[in-house]
Amino acid sequence: MLKVLIIEDETELALNISDYLKAQGYVCELAGTKAQALEKIDSFQYDCILLDLMLPGGSGLDVLEALKKQDKDDGVIIISAKNAVEDKIRGLKIGADDYLAKPFHLSELAARIFALLRRKQFNSANLLIQNELHIDLLAKTLTIHQKPVSLTKKEFALLLMFVGNKNRVISKSALAEHLSGDMADMFDNLDFVYAHIKNLKKKLTEAGCGQYLKTIYGTGYKWEIS
Amino acid sequence: MTKLLNKPLKAFILFTFLVLSASIPVYFYFIESIWMDELDDHNRQVKEQIRTGFNASHSVLLNEKIALWNAMQSSSRIEPVSGFRRDSVYVVEREMMESGPMEEERFRGLTSTVVLGGKPYLVTVETNVEEIHETVLEIALITGLFILLLIAGFILLNRRLSARVWLPFTDALEKLKRFNLDSNESVVFKETDVEEFTELNAVLTQLIENTRQSYRQQKEFTQNASHELQTPLALLKSKLDLLIQDRSLNTSQRQVIESLDNSISRISRINKNLLLLAGIENRGYESGTLDLSGIVRNLFDVFSESASSLGIGLSAAITEEEIIDANESLLEIMISNLLSNAVRHCSPKSDIRVILNDRVLVIDNEGGASLDAANLFRRFTSAGTGNPGTGLGLAIVKEICDKYGWQVAYVFAGGRHVFSVSFSS
């Protein structure tokens, strides 16, 4: 069981994150203040820590510094409403693994956590196997039935989003934001999403991959795999 | 437009002209009367000389002597008269024979009865006077000369003075012209010993400080408001993400959720852009030397994949090894905003061209009619209707360009929307 610590003072948001992650099979714990957060990281080991920067009692960066002093290698993803570049740069400098600006989609968060944990667990040979799919997360290549399938960057990014959220419904806007990354004004047009998904689906089908990618009418898509 | 100092100058010149012109008849009157007095004195002296001279000599041959006098003297005449007459002075103009060509000359005359040898004689003495028109002309000439001298002096002094006296003013004006609300450079005006300028500078300094402060407050407000919105938006998004997992939702409920999701995404984007816009000139965006060509190429690759999936062609001509000093994320945001703008407004099956050459980036795409160039870069003035954008993309482009002193421009030429950024500041 992978353990996730959610350091977030907005209780309801923390609960939503925890609900979503629990359904993915993670064990979640919550910390609402800096003091609680410090207490938790002192006593326990986590696979991943979600860290809000603005906490009652101090900055989340202090928590990050304390964690690094203890030489713990918990993965840390900063989740902050302060989309300030300085915070981002400082956080990554101190040792955070990723930075996700609020507001974010839970599916995006789950994909980031998934990628982070995969990186931490298998640094050298990061090969993800789902039935006939073999995804090399480091080399960013896909083979289906031992045959390489060439995907574009966007298609690969979509595939990662799906495998990081298997059996969950992902909204189109979450996919659009995932494709646009940091560039807020980039893919505000959902046509892109349709086009990329269509191409990905076609390539998967042609390679003889099972029909895992389902369209949920009026909502989005789902990667269904048992 | 006239210069401030030229306005009183005109009045001064006009006044000088009027006063000096009015002095011409006055001078003339005084000179004429001095002339006449002096000539009357002179004529009287001549008459006295005649009287004493002739009376001192013997009265023999008096008539011959008088005839001889009259023949020799042109300016005086002695004629016998029957009775005494009162002295009279007069002015006469007549033609003079002897001085070259015939000319009208003016004379001041005196007729007086004197007793020579016991008999009364009428003595007429006439002295040549300058003619009226000549006198007037000479006075006018001299006065005119002085008018010219004065005017020339005024203009010269004015020019010298305006350069020096107005120095603090022109300095302040120049500084105001270069004033930029976004920069934190303080504006320091030249010290001056002129009361009005000192006051003006004090007022301007105060005004600038107040403006800066309210501008800062406005930005802070935008940032704070956007920050405050982030958490409830995050909550909304996460709730929807949980809600769509529900298997019992029917199609119409899913459609409602989808439109909610789209609206929230849009609000989030607007909010992110507002935050970005308010914070562009903040510290934190550290500059570094960047490979402009590489960044343009990378973004081109990112966009061309998405564009080609929509049937839009993207072509590039990127000169290698263009280097620039800027913040990497800001530069990427700026270029990708221009690219996404082109993709968004590009009609299907048309093409977009990206050209980077000699520190100028040009991105153009086919279009029907010119966009509203005046308002294009302003916030929330999206040119097209049904625009899926946030209305902030180009405002952000402009803000980033302003930060680094790059020039961004839009023209509609040859049926294409052409956006260009010149990186040479």
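Colleague: How many bridges join strand 9 of chain B to strand 11 of chain B, and do these strands run parallel or antiparallel?

Modeller: Bear in mind throughout that this is a predicted model. Strand 9 (residues 360–366) and strand 11 (residues 416–422) of chain B run antiparallel and are joined by seven bridges.

Colleague: What is the strand order of the open sheet in chain B?

Modeller: The five strands of that open sheet follow the order 6-8-9-11-10, and their pairing is mixed. At the edges are strand 6 (313–318) and strand 10 (407–413) of chain B, each of which pairs on one side only. Ignoring direction, neighbouring strands of the sheet are turned by 15° against each other on average.

Colleague: And which helices of chain B pack on the sheet?

Modeller: Helix 7 (residues 292–309) of chain B packs there, touching strand 6, strand 8 (351–357) and strand 9, and its direction makes about 170° with that of strand 6. Helix 8 (residues 328–344) of chain B also packs on the sheet, where it touches strand 8, strand 9 and strand 11, with its direction at about 15° to that of strand 9.

Colleague: Let me zoom out. How is chain B divided into domains?

Modeller: Chain B is divided into domain 1, which takes in 6–94 + 103–153, domain 2 (196–279) and domain 3 (288–422). The centres of domain 1 and domain 3 of chain B, taken over C-alpha atoms, are separated by 95 Å. In secondary structure, the chain comes to nine helices and 11 strands.

Colleague: Which strand of chain B is joined to strand 4 by five bridges?

Modeller: That is strand 1 (residues 76–80) of chain B, which runs antiparallel to strand 4 (residues 119–129). B:Thr124 in strand 4 is the bridge partner of B:Arg77.

Colleague: Now the interface. How many residues of chain B are in contact with chain A?

Modeller: On the chain B side 45 residues are in contact with 42 residues of chain A. The elements of chain B that give two or more residues to that side are helix 5 (195–243), helix 6 (251–279), helix 7 and helix 8. Helix 6 of chain B gives the most, with 15 residues. By type, the residues on the chain B side divide into 13 nonpolar, 22 polar and 10 charged.

Colleague: And chain A itself, what are its domains?

Modeller: Chain A is divided into domain 1 (3–120) and domain 2 (125–223), and 26 Å separate the centres of these two domains of chain A, taken over C-alpha atoms. Nine residues of domain 1 of chain A are in contact with 13 residues of domain 2 of chain A. On the domain 1 side of that contact, the residues divide into four nonpolar, two polar and three charged.

Colleague: How do the axes of helix 6 and helix 8 of chain A cross?

Modeller: The axes of helix 6 (residues 153–163) and helix 8 (residues 191–206) of chain A come within 10 Å and cross at roughly 80°, which makes helix 6 of chain A roughly perpendicular to helix 8 of chain A. Among the residues making the contact are A:Leu158 and A:Leu159 of helix 6 together with A:Ile197 and A:Leu200 of helix 8.

Colleague: Last one: which strands stand at the edges of the open sheet in chain A?

Modeller: The four strands of that sheet have the order 8-9-10-11, with antiparallel pairing. Strand 8 (127–130) and strand 11 (147–149) of chain A stand at the edges with a single partner strand each, so one side of each is left without a neighbour in the sheet. Strand 9 (residues 133–136) and strand 10 (residues 141–144) of chain A pair over four bridges in the antiparallel sense, and A:His134 has A:Thr143 of strand 10 as its bridge partner.

Conventions: Residues numbered from 1 in each chain as written. Chains lettered and ligands numbered in written order. Predicted model: local features only at pLDDT ≥ 70, side-chain atom pairs only at ≥ 80, totals over all residues. Domains from an automatic or database assignment. Contact = placed C-beta atoms within 7 Å. Nonpolar A, V, L, I, M, F, W, Y, C, P; charged D, E, K, R; others polar. Axes fitted to C-alpha atoms, helices over the stretch in contact; angles between N-to-C directions. Parallel < 35°, antiparallel > 145°, perpendicular 65-115°, else oblique. Pairing = 2+ DSSP bridges.
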